[in-house]
Amino acid sequence: MPDAAHVHAAEAYFRHASSDDKPLLAHRILMKAKKYGVEIESDKIKDWAKKYKA
């Protein structure tokens, strides 16, 4: 995600990701959102990010 527009797109398409990919994807979306000053509204993304294990 090279910019804020891509972060917004990732948030919009998140629901289409497989359950196996969602924890990592959610984590990355939140990291990039913070970097680009994007506020993530989706509670689902925030919940999935909590399941990410580094």
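**How two helices cross**

Helix α1 and helix α2 cross in a left-handed way. Keep in mind that this is a predicted model. Where are these two helices? Helix α1 covers residues 4–13, and helix α2 covers residues 22–36. Their axes come within 9 Å. The crossing angle is roughly 150°.

Which residues make the contact? On the α1 side, they are A4, V7, A10 and E11. On the α2 side, they are I29, K32, A33 and Y36. Now sort these residues by type. Six are nonpolar, two are charged, and none is polar.

**The whole chain**

Let's step back. The protein has three helices and zero strands. Read from the N terminus, the order is α-α-α.

How does the radius of gyration fit a compact globule? For 54 residues, a compact globule would come near 10 Å. The protein has 10 Å, so the two agree. The C-alpha trace spans about 25 × 20 × 20 Å along its principal axes.

Next, burial. Of the 54 residues, 26% count as buried.

Now contacts along the sequence. Take the contacts between residues at least 6 apart. Of those, 56% join residues at least 24 apart.

**One salt bridge**

How many salt bridges are there? The count is one. It joins the side chains of K50 and D47, with 3.9 Å from N to O. The cut-off for a salt bridge is 4 Å, so this pair falls within it.

Why can such a pair form at all? Side chains of opposite charge can pair when their charged atoms come close.

Look at where the partners sit. K50 and D47 both belong to helix α3, which covers residues 43–50. They are three residues apart, so about one helical turn separates them.

D47 is partly exposed, at 41%.

**A last stop: Y13**

Go back to helix α1. Y13 lies in this helix. Its relative accessible area is 57%, so Y13 counts as exposed. How far is Y13 from D3? In sequence, they are ten residues apart. In space, the distance is 16 Å, C-alpha to C-alpha.

**To recap**

Three helices, zero strands. A left-handed crossing of α1 and α2. One salt bridge, between K50 and D47.

Terms used
Residues numbered from 1 in each chain as written. Predicted model: local features only at pLDDT ≥ 70, side-chain atom pairs only at ≥ 80, totals over all residues. Heavy atoms only, no water. Axes fitted to C-alpha atoms, helices over the stretch in contact; angles between N-to-C directions. Helix = DSSP H or I, 4+ residues; strand = E, 2+ residues; numbered from the N terminus. Left-handed = near helix turned anticlockwise from the far one by under 90°. Contact = heavy atoms within 4.5 Å. Nonpolar A, V, L, I, M, F, W, Y, C, P; charged D, E, K, R; others polar. Buried < 20%, exposed > 50% of the residue type's maximum accessible area, 1.4 Å probe, protein only. Rg over C-alpha atoms; globule rule 2.2 N^0.38 Å.
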